[in-house]
Amino acid sequence: MGQAVVLGALAAALYLPALGNGFVNWDDDRVLLDNPAVARADGLARIWTTAELPDGFPNYPLVFTSYWVEHRLWGFDPLGYHAVSLVLHGVATALVFLLLGALGASPWVAAVAAALFGAHPLQVESVAWVAERKTVLAAVFFLAAALAYLRH
């Protein structure tokens, strides 16, 4: 378990520069900043009862719920949103290590594969762009479910 934590922390540390980023005008404005359900106190009910939120975008209830909770913690300060993405990516990296170990990989092979997952440039968009929260959340839930299935 200690190796998983170290690998997760190292993967998150690789993306520390993202903490200085602001929001990106590709989708961050539409899915977060201009999304009334995120800022409104009653927005959580709307998130879970509508198909499109905001207009023209599919509703991702878990993603928008995470934004709704975070908005209560730090408003629209991008630092908090980026920090959560870093933590989620670190957790996903640790879960890759644990899942590979559960599949029978040697600790060394599992560590190398998890490190490659955590450091791969393909992860940059998912970790450094707030609107891509759905990808890091999906990774955590998928890997945790696969690990739970194997352990069951």
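Start by selecting Arg40 and Asp42: they form a salt bridge, with the closest N and O atoms 2.9 Å apart. The term stands for a side-chain nitrogen of Lys or Arg within 4 Å of a carboxyl oxygen of Asp or Glu. Arg40 counts as partly exposed because its relative accessibility is 44%, and Asp42 is partly exposed with a relative accessible area of 44%. For these labels, buried means under 20% relative accessible area, exposed means over 50%, and partly exposed is in between (1.4 Å probe, protein chains only).

A word on what you have loaded: this is a predicted model, where local features need pLDDT of at least 70 and side-chain atom pairs count only at pLDDT 80 or more, while totals for chains, interfaces and linings use all residues. Residues are numbered from 1 along each chain as its sequence is written, and side-chain values use heavy atoms, leaving out hydrogens and water.

How many salt bridges does the structure hold? Three. Next, pick Glu70 and Arg133, whose side chains meet in a salt bridge at 2.5 Å, N to O. This pair links distant parts of the chain, with Glu70 in helix α5 and Arg133 in helix α9, 63 residues apart. (Helices are DSSP runs of H or I, at least four residues, numbered from the N terminus.) Buried or exposed, these two? Both Glu70 and Arg133 are buried.

Now go to Lys134, which forms a salt bridge with Glu132, the closest N and O atoms being 3.3 Å apart. Lys134 is partly exposed at 27%, whereas Glu132 counts as buried because its relative accessibility is 12%.

Time to head for the core. Select Val31, Leu32, Phe64, Tyr67 and Phe97: these have the most contacts inside the largest nonpolar core, which has 37 residues. Such a core is a set of buried Ala, Val, Leu, Ile, Met, Phe, Trp, Tyr and Cys residues joined through side-chain atoms within 4.5 Å. Elements giving two or more residues to this core include α1 (2-14), α5 (61-74) and α9 (133-151). Color α6 too, as this helix gives the most, with ten residues.

Zoom in on Tyr67. Leaving aside residues up to four places away in sequence, Tyr67 touches Val31, Leu32, Val38, Tyr81, Val130, Ala131 and Arg133, where contact means heavy atoms within 4.5 Å. Arg133 is also the salt-bridge partner of Glu70.

Last stop: select Val112, which lies in helix α7. Val112 counts as partly exposed because its relative accessibility is 35%.
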